[in-house]
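Trainee: Could we go through this structure together? I would like to begin with the backbone and then turn to the side chains.

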Amino acid sequence: MHITASVVLLSTAVASFAYASDPVIRMPLIRKGRSFSTINARRRSLDKRDPFQTSLYNDGGSQYLVEVGVGSPAQNFTVTLDTGSADLWVPSTDCPTSECPYTRFDPAQSSTYNSTNEKFGIIYGIGTVNGTYVTDTVTVAGVSVQNQQFGLASTTADILTNPTTLGGSGTDTPSNNASHSSDSPIGNGILGLGYPKLTAANSAGEPEYNPFVFNLVQQKLISQPIFSVYMNSAAEEGWVGEVIFGGVDDTKYTGDLTYLPVAQLATSHNPLDSLLGSSSDAYYYWMVYGQGIGLENSQTSGSNGVSFDSTVPFIIDTGTTLTYFPDDVANQVAAGLVGVGNYQLDRQSQVLMCDCSAGNSGASLQLQMSSSKDVSSNPVTLTVPASELVIPLDAISLQDATYCMLGIAPVGSSNTNMFLVGDSVLRSAYLVFDMGENRIGFAAAQNVAGSVNGVGSSSSSVVLPGATPILLTLTITAIILLLSPM
C-alpha cells in the first residue's frame with residue numbers, strides 16, 4: 001500500500017458483543033519461494049483444528065492469498081489478504097477476458113446480489129482497477145457475512161494480466177473448507193483488512209463502510225474482535241502458517257504478547273504529515289508509533305542505527321513483500337546489516353542487491369516502538385537477524401546463491417517519514433490485530449529467528465525453497481509494489 005492524500009480518518013473502536021457461540025476461523029497460509037524475476041513457489045500452511053477452515057496462500061512471497069466465496073451460491077475466488085488496504089474486490093463478467101482472464105463473478109448467478117451504482121476504483125503502484133460497489137454474501141471457511149459491500153471490477157490494467165503480480169484461477173464451483181483446492185493458487189482479487197476510512201469509497205468522498213473483517217465482528221460471527229497472523233519460517237515448505245479470525249494460537253509464539261496502540265493520524269491533506277493526539281485524529285492504517293531503527297552487531301563502525309526526535313508511523317503491512325524506509329535510513333541500515341560496499345541499488349528493480357554471505361554476518365535489525373505518541377525510554381523492540389533479511393534469488397540456499405536481495409528497500413525519497421514494515425520483517429513476529437481495543441500485539445514467532453523485547457527463537461531461515469530461478473527483471477518492482485495504492 002502507498003499513502004494517499006485527502007483522507008479523513010474515523011475511529012472504529014468495536015463495542016463488546018454477546019456472542020451466541022464462540023467461533024474461531026482458522027485459515028492455513030502458504031508461501032512461495034523467490035526467484036530472480038518472480039518470487040517463485042514456496043508454500044506455507046497451518047494446522048486445522050477448528051470447524052471453520054480455508055486457505056491462505058503467499059504467492060511468490062509477495063501476497064498472502066485466501067479463498068473466499070462470493071454470492072449465493074458461492075462463486076469462489078483466491079484473493080490477496082492485505083492489512084495495508086481495506087476493500088474486497090473481485091473481477092466481474094463485465095470485465096473483458098483480456099483484462100480479467102480468470103474466474104469472474106457473475107451477478108446473475110447470485111440470489112443475494114445487489115448493486116449500489118456507486119463507482120469503485122483504486123490506483124496501485126503497478127496498475128489500476130475500476131468498477132462499481134455492490135453488496136452480496138461473502139463466505140470464508142464456511143462463515144458468511146451478509147450484505148457485504150465490495151468492489152466488482154469491470155476493468156483492470158496490469159493487475160490480473162501480469163503473471164508476476166495478481167492473476168490466477170479461482171474456481172466456479174462452490175466449496176466449503178476448500179483449503180487445499182489448489183497446490184499453486186494465484187491471486188484473483190484483494191481482501192483488505194484495514195479500517196473503514198481506508199476504503200476507496202471514503203477516499204472518493206463517499207460514505208465509508210465496514211470492511212469484511214469489521215463485519216465479522218458487527219454480525220457477531222467471531223468470538224473476539226481480533227485476527228492473528230503467523231507466517232512461519234521462510235525455510236519451511238508446505239502449509240505451515242496460519243491466520244485466525246477471532247482468536248490467537250499461543251503455540252505459535254514465544255514469550256508474551258506485547259500490545260501497542262494503533263497510531264492515529266491527524267486529519268490533513270497528507271495524513272502522514274503528523275501524528276498529533278487531537279480530537280480530529282482517527283484510525284486509518286494498522287500502524288504503531290516508531291521511534292528508532294537499531295542495529296546490533298553492526299557491520300559499519302560507529303553505526304548503531306537511527307533514532308528519531310519524535311515518533312513516526314510504522315505501518316504494519318502483510319501485503320508488502322519487503323520493508324521500506326526513507327532512502328537515507330535504508331542505506332544506513334543496509335550498510336549496518338551487510339557492510340559498506342556489499343550492497344548496491346538495482347536501478348531497474350529499485351531493490352538493494354547484496355552479498356549473499358551477509359546472511360551470516362551476525363548483524364540484526366531492531367524496530368524500536370513506543371507505547372504512545374511520545375518517545376519512550378523503554379521502547380518495545382522487534383529484532384530480526386540478517387539471516388532473515390538476506391534473500392537468495394538464484395538458488396535455494398544462501399550458501400549456493402550468487403545473487404541476493406536485501407529485505408530492506410528505499411522508499412524513493414529521504415524527505416519522507418514513510419516506514420512500511422512488510423513481510424521480510426513481520427515473519428519474525430506473531431501479530432494480533434485488535435479491532436476492539438485498536439492495538440497490535442507482538443510476540444516472537446515460533447520457528448523463526450528474531451525476538452520481541454529480547455525473547456525469541458534462534459531458528460534461522462537459511463534455506464529458501466523455490467522454483468527454477470530466472471533472470472532479474474523489472475518485475476521485482478511490480479511484485480513488491482503490488483499492494484501499493486497511489
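Trainee: Where is the place of Ala 141?

Mentor: Ala 141 is found in the loop between strand 8 and strand 9 (143-157). Please keep in mind that this is a predicted model.

Trainee: What is the phi of Ala 141?

Mentor: Ala 141 has a positive phi of about 55°, although it is not a glycine.

Trainee: Is Ala 141 buried or exposed?

Mentor: Ala 141 counts as buried, because its relative accessibility is 5%, and the cut-off for buried is under 20%.

Trainee: What about Asn 447, and where does it lie?

Mentor: Asn 447 lies in the loop between strand 26 (439-445) and strand 27 (450-452). Asn 447 also has a positive phi, of about 70°, and is not a glycine. Its relative accessibility is 28%, so Asn 447 counts as partly exposed.

Trainee: And the peptide bond from Ser 72 to Pro 73, is it cis or trans?

Mentor: That bond is cis, with omega near 0°. Pro 73 belongs to the loop between strand 4 (64-70) and strand 5 (75-82).

Trainee: Next topic: helix 3. How many residues does it have?

Mentor: Helix 3 (residues 327-338) has 12 residues. From its first C-alpha to its last, helix 3 reaches 16 Å, close to the 16 Å expected at 1.5 Å a residue.

Trainee: How many residues of helix 3 are buried?

Mentor: Nine of the 12 are buried, so helix 3 is largely enclosed by the rest of the structure.

Trainee: Which ones in helix 3 are buried?

Mentor: Asp 327, Val 329, Ala 330, Val 333, Ala 334, Ala 335, Gly 336, Leu 337 and Val 338 are the buried ones. When you look at such a list, recall that an α-helix has 3.6 residues a turn, so residues three or four places apart point the same way.

Trainee: What comes just after helix 3?

Mentor: Gly 339 does, and it takes a positive phi of about 95°.

Trainee: Now the cysteines. How many disulfides does the structure hold?

Mentor: The structure holds two disulfides. A disulfide is a covalent bond between the sulfur atoms of two cysteines.

Trainee: What about Cys 356 and Cys 404, how far apart are their sulfur atoms?

Mentor: The sulfur atoms of Cys 356 and Cys 404 are 2.1 Å apart, and the two residues form a disulfide. The pair links distant parts of the chain, 48 residues apart. Cys 356 is in the loop between strand 18 (351-354) and strand 19 (364-370), while Cys 404 is in strand 22 (residues 404-406). The torsion about the S-S bond is about 110°, so this disulfide of Cys 356 and Cys 404 is right-handed. Both Cys 356 and Cys 404 are buried.

Trainee: Which residues form one aromatic cluster with them?

Mentor: The cluster is formed by Tyr 195, Phe 212, Phe 214, Phe 227, Phe 245, Tyr 283, Trp 286 and Phe 433.

Trainee: Finally, what lies over the face of Tyr 259?

Mentor: Arg 439 does, at 3.7 Å from the ring centre.

Key. Residues numbered from 1 in each chain as written. Predicted model: local features only at pLDDT ≥ 70, side-chain atom pairs only at ≥ 80, totals over all residues. Heavy atoms only, no water. Phe/Tyr/Trp six-rings, centres within 6.5 Å; stacked < 30°, edge-to-face > 60°. Lys NZ or Arg CZ within 6 Å of the ring centre and 35° of its normal. Disulfide = S-S within 2.5 Å. Helix = DSSP H or I, 4+ residues; strand = E, 2+ residues; numbered from the N terminus. Buried < 20%, exposed > 50% of the residue type's maximum accessible area, 1.4 Å probe, protein only. Expected span 1.5 Å × (residues − 1).
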